[in-house]
Amino acid sequence: MWIRSTMAYRASFVMTTFGSFAATFFDFVAIMLMFSRVRALGGWTLPEVAFLYGLSAVSFGLADLVIGSMDRLGKRLRDGTLDALLVRPAPILAQVAADRFALRRLGRVTQGSLVLGWALSRLDVDWSVGRLLLMPVALVAGCGIFCAVFVAGAAFQFVAQDAAEVQNAFTYGGTTLLQYPPTVFGRELVRGVTFVLPLAFVNWLPASYLLGRPYPLDLPGWMAWTTPLVAVGCCALAGLAWRAGLRSYRSTGS
């Protein structure tokens, strides 16, 4: 329904999609401006940082497209409109994710894909069968990890009622963090996003393996292949949090 309503106004769709593309492109412009003054950032060259950026942007863009509407849950909790979803014969999670589905978010995915393609054309990677397989695996698993973060953040809103910005700190803030190499951050932060909130498995670990770079925590290269397992684990935990939050929900009574 939301796709049909969007395509009813084709010119508006094109303009909003381009606006999404342009807004996210300025993130990469900021990185390019940094490299106009330095040759490397934390030991990483511009094509290598662009590779990090592309992996993160595409993974997050896909998750944002599919399930990005989860941050609207807080409003539904406050005004009691979640009750209308509870009486429908469809999963609540699917209904919340599809609420006001925004096809314009394809602009973010397109922009990230272009940067990723440019980075791959500039990098001298020793492509083996394993490395070729890791690329799509990393993108799909990265999307799964971000989806889990979206769902977990939405589950937290059952408790906090108005926590959309807290959720955004881990979703939009997380993808901004991953656009830069891990070597520019302190070891404690790197440990946190590796073992506590495992965003590092979205791109830091796969990129380190593909580019032949040592990971700051001296983890073995095969850890990059555990990204799908991490994604499954994150989704399972997020699902449990969602079910717990939904069971604790009490209507506004209005």
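Mentor: Lys-75 and Asp-79 are joined by a salt bridge, and their closest N and O atoms are 3.2 Å apart. The term salt bridge is used when a side-chain nitrogen of Lys or Arg is within 4 Å of a carboxyl oxygen of Asp or Glu. The two residues are separated by about one helical turn, because they are 4 residues apart in helix 4. Helices here are DSSP runs of H or I with at least four residues, strands are runs of E with at least two, and both are numbered from the N terminus. Lys-75 counts as partly exposed because its relative accessible area is 48%, and Asp-79 is also partly exposed, at 34%. Salt bridges with shared partners also join Arg-72, Arg-76 and Asp-99 into one network. As for the classes, buried means under 20% relative accessible area, exposed means over 50%, and partly exposed lies in between (1.4 Å probe, protein chains only).

The model is predicted, so local features need pLDDT of at least 70 and side-chain atom pairs count only at pLDDT 80 or more, while totals for chains, interfaces and linings use all residues. Residues are numbered from 1 along each chain as its sequence is written, and side-chain values use heavy atoms, with hydrogens and water left out.

Asp-99 is buried, at 11% relative accessible area, whereas Arg-72 is partly exposed, at 31%.

The whole structure has 6 salt bridges. Another of them is between Glu-48 and Arg-213, at 3.1 Å from N to O. Glu-48 is in helix 3 (residues 46-67) and Arg-213 is in the loop between helix 11 (204-211) and helix 12, so this pair ties together parts that are 165 residues apart in sequence. Glu-48 counts as buried because its relative accessibility is 12%; Arg-213, at 26%, is partly exposed.

Arg-213 has a further contact: its charged end sits over the ring of Trp-44, 4.8 Å from the ring centre. To sit over a ring, NZ of Lys or CZ of Arg must be within 6 Å of the ring centre and within 35 degrees of the ring normal. The charged end of Arg-131 does this with the ring of Tyr-209, at 5.2 Å from its centre.

Rings of Phe, Tyr and Trp (its six-membered ring) pair if their centres lie within 6.5 Å; planes under 30 degrees apart are stacked, over 60 edge-to-face, and the rest tilted. Phe-21 and Phe-25 both lie in helix 2 (residues 10-35), 4 residues apart. Phe-158 and Tyr-249 form an edge-to-face pair, 6.3 Å centre to centre with 70° between the planes. Phe-158 lies in helix 8 and Tyr-249 in the segment after helix 12 (227-247), so this pair ties together parts 91 residues apart in sequence. Both Phe-158 and Tyr-249 are buried. Ring pairs also link Phe-60, Phe-146, Phe-150 and Tyr-172 into a cluster.
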